There are 4 protein chains.
Amino acid sequence: MAKKPAWDQYSEYLCLDKILGAQAPLSDAAGHPAHDEMLFIQFHQIYEIWFKQILFELDDIQKRFSSSIVTDKDMQPILHHLSRIVSIFKHLESMIDILETMPAQSFVDFREHFGTASGFQSVQFRLIETRLGLLRDKRQPVFHCQFDENLKEESKSAIQDAEQGGSICDQLDGWLSRTPFVSLGAYSFWEEYRAAVHKMFDEKSIAARANLRGEALDKELEGLQKGRDKFDGIFDECKHAQAQASGQWRMSWKALQAALFIMIYKGEPILQGPHNLLNHIMDVDELIARWRYRHALMVQRMVGNSMGSGGSAGYGYLIQTLEKHRIFTDLFSLATYLIPTRLIPTLPDALSKEMGYGYAKSA
Amino acid sequence: MAKKPAWDQYSEYLCLDKILGAQAPLSDAAGHPAHDEMLFIQFHQIYEIWFKQILFELDDIQKRFSSSIVTDKDMQPILHHLSRIVSIFKHLESMIDILETMPAQSFVDFREHFGTASGFQSVQFRLIETRLGLLRDKRQPVFHCQFDENLKEESKSAIQDAEQGGSICDQLDGWLSRTPFVSLGAYSFWEEYRAAVHKMFDEKSIAARANLRGEALDKELEGLQKGRDKFDGIFDECKHAQAQASGQWRMSWKALQAALFIMIYKGEPILQGPHNLLNHIMDVDELIARWRYRHALMVQRMVGNSMGSGGSAGYGYLIQTLEKHRIFTDLFSLATYLIPTRLIPTLPDALSKEMGYGYAKSA
Amino acid sequence: MAKKPAWDQYSEYLCLDKILGAQAPLSDAAGHPAHDEMLFIQFHQIYEIWFKQILFELDDIQKRFSSSIVTDKDMQPILHHLSRIVSIFKHLESMIDILETMPAQSFVDFREHFGTASGFQSVQFRLIETRLGLLRDKRQPVFHCQFDENLKEESKSAIQDAEQGGSICDQLDGWLSRTPFVSLGAYSFWEEYRAAVHKMFDEKSIAARANLRGEALDKELEGLQKGRDKFDGIFDECKHAQAQASGQWRMSWKALQAALFIMIYKGEPILQGPHNLLNHIMDVDELIARWRYRHALMVQRMVGNSMGSGGSAGYGYLIQTLEKHRIFTDLFSLATYLIPTRLIPTLPDALSKEMGYGYAKSA
Amino acid sequence: MAKKPAWDQYSEYLCLDKILGAQAPLSDAAGHPAHDEMLFIQFHQIYEIWFKQILFELDDIQKRFSSSIVTDKDMQPILHHLSRIVSIFKHLESMIDILETMPAQSFVDFREHFGTASGFQSVQFRLIETRLGLLRDKRQPVFHCQFDENLKEESKSAIQDAEQGGSICDQLDGWLSRTPFVSLGAYSFWEEYRAAVHKMFDEKSIAARANLRGEALDKELEGLQKGRDKFDGIFDECKHAQAQASGQWRMSWKALQAALFIMIYKGEPILQGPHNLLNHIMDVDELIARWRYRHALMVQRMVGNSMGSGGSAGYGYLIQTLEKHRIFTDLFSLATYLIPTRLIPTLPDALSKEMGYGYAKSA
């Protein structure tokens, strides 16, 4: 590239000829130019470029997670890529501010030209959903069709490959389930934690009996019993299995233990990375949900109660996907099982050293 | 204030003694200081200050709307205050970023101390909802209680006053219904628009009959008939009355006509302000909905599936209020009744002059 | 487009083949793949698409402003497009959050491959600057070169066309200068306002003489005299001409009067649009300045004190352009010449009617 | 708190009586009520609450940094608090959107009432600056006054205590200087890195001699020599001392080495926390700078070229503080001293184990 003038280099490096020559408003072609169609086109093109970036980051994350051992040095790039994905999703949401400068009337002026094309036909976005872990049979059906029924072959196989390749959700479950420190030698996090929880409830019961009488006491004791039952629902492998079968949990029993362990002992050196990982995953889940809602409201403003562009999916459909398409709600549910810091069992010193840094181990 | 040193003036002007002396973490008092409680307190105090600002802006807007005549000079301050409210709600949403730097574990460490107090007991927020137009019987019940049952007398009466005073939603309906230009002399917007809509469907039918055959034609004609029926549902006063009775519309027939007139002829000088007004109202509606969702997700992250603080309203409740508590969805629905610009009837010249500026009238 | 499956339509409509096939990291080609180069490329491609959108909006704005008469119906689209530009620039600033997820080390790993290409060689951005009104001789020189010296012929002529076509800044000046109401029949805003200003200072002088003595009085009177002189500097055409020649003002004397008139009587129906216009222009000016600073800080983080990529313009250069490249500072300076509302002269009733709506004129 | 109705608890917990009873617009008292003064007051009160929160986080961070040993478990809360400060500063910047809904005319209507009070007299903000590390003699003077000259005694001593207590900047320098791994046993990062840098320049010289001739070669060799000199300026303790004396560097020679070590080997488990720490510190520095610029532009819009409220510091002053008041620019400058990843020396295996986790040490 040495001899060309600088601008040519810049322009060639970014392939600006292609990028800036790829906008062809249909309303112009139809002889009724609609000023705002250019925004509509470019807005969606930019979305697709960001989707490509997200998939690119997922490639590297999933490659690292798919090895039998995720090494300590993989954690830094995994966190790095995830926090970039978080940053991009934040951006995709706020970008809608720009599209909302378009009044509904402007949209009416050009939507008739593009037939059944719709922003919901983005293959890349479906790939992102699938690769994060959205299951085929959890998707809200669009007109009784499978979500990938109308895609071309190439896109269908891309989605099927993603389904078979193991999603982030599956990889995370596997990785959490292998966390060694949750149960190491004589130490069992689950036993220790269960004991602490029971002690907490015992003390609350004693306090209740000392301070309350009659109906108030009965009500309090009933509440405490419900609390105990709730915790037993996760301590017990069988009860968890039932809950999982009924769709209450998606995560495996072991993965769930490890995630709670990480949330509770997040200050231990070796758990700081995993704790950030769980937070980033929850951020992604939350941001996609927020983006869905923001998008639904924008669609409602543009087309009211009509079905969406593409004759397919309007506001009502989008609202239904809001909660149904979430993937990592288990991680949010774990907050239900935390107890005050002062009641949390102390880790055995030897375990703590294993989870600390090398230089400190022999100290 | 002339003689005091500048800083004293600044500090006194802002009553910083009161403001910065109003934080008393309960976890400190209980002997188990929890670092993050300070954030929790200050965050909610700031919310309340912003709520006060929103109510202050609503005061002036509602006073102007409550006169029998909203003058042309009222429009500028009304728009100004509304756009400030929009700006504040945007901010309330993004502020949650700061609260989400608090892990769920930190919240567990101090929430036990504040008993049943909860962010959902904000009287000011309920006042905002009521004054915008959220009706008592549209509210999602909390444990079978009226939403203001547990408030103190003073707060109850503030809410009842707001209910009786006429909400923004009612005031807007009244103001729209009085718009003179929708039907002036021989001109009737509704007649003109109905004719244009019918002409549009006639032409589509002719094109369908010319180009399609058999089942395809039947299907297309059926779709066009549905389209006609949809429009007739708003053109006809009786049908609108039925739809209103069934809860499909909240706005009156006349207000709805005027709002559509404003959306369609938004470029006419006298309609530019009203068009901005409708947009600001939709922005407020959308932003409150987004804030509710954002808030619900934050609560889910903090307390999982538990009920919310205050033993009252957790994630599940909040999600139910999301769409149910929206007030101005009628304005969004109007997008369904727009037609392409090229088919919109031209305004009579005389009417256009009345709606133009004075200097141009005699030109 | 009728027969193709929906996804093909979506993909073709957006030219996704071109858009998603336009990323070719040089570090891959060089055999040292650098993960973060993909982000760098796509980030800059998205910037260029947004620049194209801004230029597209400017096309329409400038076309409307270039007619001898800007009609009352031009105001709505002009404001609409400007507020979209504002929205895009806000977005360009916050987008840097995403690029800042790239550590400086990552940038070192691929910047050596792209020689002298640099983000500062964006022709589209230079066009935006020129079309808004940045003058060639006000630009901070880069290595003693004209800013367009190294561009290819096509780009050079695009910039020269923009220079000759009249910038937004020039068009705004012309349009403001033609505002009829500033001086209509017997009414002269300038005379009225000057009288109000002098009366204000007279009363302040009387109050000072009544309440102060000795040195304090002298100091106060001196301050008041400075205030009078400041205002006289704009009331007087000759003084303004001198100030303009010395670079203190860019706007013409008449345009400046009209802008102040609009700021003061912003509630009059006919001035509401122009007032929004001035605000949007100030928003654009402020947002470009903020974007420049944000960009400079990002560059400093990526390359420290080195010169920028492209061997050209690093952090130091960028900081110098910050204030120097601003275009509409005159509008900000006008705030200096406002007086309290209670001292503002009332408009003659006849004038007010001309500036009101047609329907009210005969009332 | 058990018996009171829930709302009373909420209201008492947040001291809403104090918080919502602390707004007393002076324009009301003066008999010329100015609607927008309420916003001005509440906006600044909210700023002060956020400042209190930032100081509260700094308290804990500085307490941890002031022990002779910062333990591995301190890192998590330090990072946590810092990322919250980052989040708050982002918010303080975007909050200005709300204040900018106030036109300059509104500000004129009430600023005359508050004499010389000004937002720049915030003692808490000065404390934040001082505690981060802004030195007294680096501050831009306001009217030849020391910045704390007009404060009351209590505030003066708070600032002087902060000055004596050791700023974050000093604490960071001390902590970095003690990093053990930079020079451990036979290993010296500085020697290894210097060798890698020299090797890089040697190879570039060889390549230049092989491929270039005459003037082009001379120019290239001259450039490479400058590069070598630049690096020698940090490798050599004496040269660094001179540069420090001349104000080019603020950080000590040892701290600077450690910071570069952290940036380069950021993937090593024990360096992930410190790397995040440096990034958070740079974020804080960048965000304060951005906030200053944003604030300056807002002041320019409100008061033009006048001096600021409080008769003190207007736009011109604020722009001067922009770069002058930055504290951590050294960390940004370090980007200048990075080399491509493929040329970075590998860490000795034994060292790597010390910096890894305990469990892996004996593996």
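I began at C:Q45, which sits in helix α4 (residues 37–66) of chain C. Helices here are DSSP runs of H or I with at least four residues, numbered from the N terminus. The model is predicted, so local features need pLDDT of at least 70 and side-chain atom pairs pLDDT 80 or more, while totals for chains, interfaces and linings use all residues. Residues count from 1 along each chain as its sequence is written, chains are lettered from A in the order written, and side-chain values use heavy atoms, without hydrogens and water.

**Entry 1: C:Q45**

Is C:Q45 buried or exposed? C:Q45 counts as buried because its relative accessibility is 0%. The cut-offs are under 20% relative accessible area for buried and over 50% for exposed, with partly exposed in between (1.4 Å probe, protein chains only). I then looked up its contacts, meaning heavy atoms within 4.5 Å. Leaving aside neighbours within four places in sequence, C:Q45 touches A:L14, A:C15, A:I19, C:A22 and C:Q23. Its side chain reaches the backbone oxygen of A:L14 at 2.9 Å.

**Entry 2: chain C on chain A**

I laid chain C on chain A. A turn of 180 degrees and a shift of 0.0 Å along the axis give an RMSD of 0.1 Å. The two copies are thus related as by a two-fold rotation axis. The same surface serves both: 100% of the contact residues of chain C recur in chain A.

**Entry 3: the core**

Next I looked up the largest nonpolar core, which has 484 residues. Such a core is a set of buried Ala, Val, Leu, Ile, Met, Phe, Trp, Tyr and Cys residues joined through side-chain atoms within 4.5 Å. A:W50, B:W50, C:W50 and D:W50 touch the most other members. Not counting residues up to four places away in sequence, A:W50 touches residues including A:I88, A:L92, C:F43 and C:I98.

**Entry 4: chain C against chain B**

How many residues of chain C are in contact with chain B? I found 22, against 21 residues of chain B. I noted two salt bridges between these chains. A salt bridge puts a side-chain nitrogen of Lys or Arg within 4 Å of a carboxyl oxygen of Asp or Glu. B:E268 forms one with C:K73, with the closest N and O atoms 2.8 Å apart. On the chain C side, α5 (75–99), α14 (269–303), α17 (349–355) and α18 (358–361) each supply at least two residues that touch chain B.

Key:
Least-squares fit on C-alpha atoms with pLDDT ≥ 70 in both. Polar contact = N/O pair within 3.5 Å; in protein donor to acceptor, adjacent residues only side chain to side chain.
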